[in-house]
Amino acid sequence: MRLFGKTPLISEDLNDWIIDNFDWVESERPAWWAMAELIRPTREYFHAPGGHDHETALLVFEDMKRQLGTTQPVALEPLPDLPDELLHDYTRMSDTAGQYWDDAETPLITYNPKLMRRPVMFINTLAHELIHARLAPVVDDLPGGAPAHELATDLHAIIAGYGVIQLEAAEQAGWAGYMSQASRAVALAEFLHRKAIAPDDAFPYLSRRPASWLRKALASRKRVR
């Protein structure tokens, strides 16, 4: 119990790990950091017309590869249709929403086509899997190393600019994923600060609870800095 002041949103160790990963990207992969911007679910960033087919998915995929500067070949394929209830099954979400496969000459990302009905969740899934491809050569070099790889993949999607999308997608899905909403909000607040982006650029794309988490993270950051 803290006698004075408010309880931190996340532990000191977790906060330090988040900061260490931001620092690592800035120092070791400055090109990644230079191209990172706050990606929002708007036509400014995603140019595909409306639709739920694989052709539309490929257009979104190409937009995201450009955003991330992904030059390596990565293929995208839909999974067979699965029951709707599996989209909200926490224990199977990583298997049914999307997956990254790197056991062939060309890495492959698979996705559940039903996610196309939930664009923010779909974009978040692709972001996570594309970050797998980005981090694959440096897994052991990152703060936390291989044991923290899945957690780091979520974090590095935020560092790459997908923090608003990730916060909102987790809310829509009704599950936390590898990071908690509190830790996502702390990472997004750090991103906004380092990029000198006004929080008001993020809030319009967040529903009530994710916006509340971000407000708490911004306030907490002011107290500890």
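Helix α3 (residues 54-68) and helix α5 (residues 119-135) pack with their axes 10 Å apart and at an angle of about 50°, where axes are lines fitted to C-alpha atoms, for helices over the stretch in contact, and angles run from 0 to 180 degrees between N-to-C directions. The two helices, α3 and α5, are therefore oblique to each other, given that angles under 35 degrees count as roughly parallel, over 145 as roughly antiparallel, 65 to 115 as roughly perpendicular and the rest as oblique. The crossing of α3 and α5 is right-handed, a crossing being right-handed if the near helix is turned clockwise from the far one by less than a right angle, and left-handed if anticlockwise. From α3 the contact draws on A57, V60, F61, M64, K65 and L68, and from α5 on F122, I123, L126, A127, L130, I131 and R134, with contact meaning heavy atoms within 4.5 Å. By class, this contact of α3 with α5 has 11 nonpolar, no polar and two charged residues; Ala, Val, Leu, Ile, Met, Phe, Trp, Tyr, Cys and Pro count as nonpolar, Asp, Glu, Lys and Arg as charged, and the others, Gly among them, as polar.

This is a predicted model, in which local features need pLDDT of at least 70 and side-chain atom pairs count only at pLDDT 80 or more, while totals for chains, interfaces and linings use all residues. Residues are numbered from 1 along each chain as its sequence is written, and side-chain values use heavy atoms, with hydrogens and water left out.

The chain as a whole has eight helices and three strands, taken as DSSP runs numbered from the N terminus (helices H or I, at least four residues; strands E, at least two). Read from the N terminus on, its elements run α-α-α-β-α-β-β-α-α-α-α. Of the 225 residues of the chain, 51% count as buried, that is, under 20% relative accessible area, as against exposed over 50% and partly exposed in between (1.4 Å probe, protein chains only).

The largest nonpolar core has 69 residues, of which I18, M64, Y162 and L214 touch the most other members; such a core is a set of buried Ala, Val, Leu, Ile, Met, Phe, Trp, Tyr and Cys residues joined through side-chain atoms within 4.5 Å. Among the elements that each supply at least two residues of this core are α1 (12-28), β3 (108-111) and α8 (208-224), and its largest share, 12 residues, comes from α6. Leaving aside its neighbours within four places in sequence, I18 is in contact with I10, L155, M179, S183, V186 and A187.

By class, the contact of α6 with α7 has 10 nonpolar, four polar and three charged residues.

Two further residues return the reader to helix α5. N124 has its place in α5 and is buried, with a relative accessible area of 18%; apart from neighbours within four places in sequence, N124 is in contact with I165, Q166 and A169. A133 is also found in helix α5 and is buried, with a relative accessible area of 3%, and, again leaving aside neighbours within four places in sequence, A133 is in contact with Q72, V74 and Y100.
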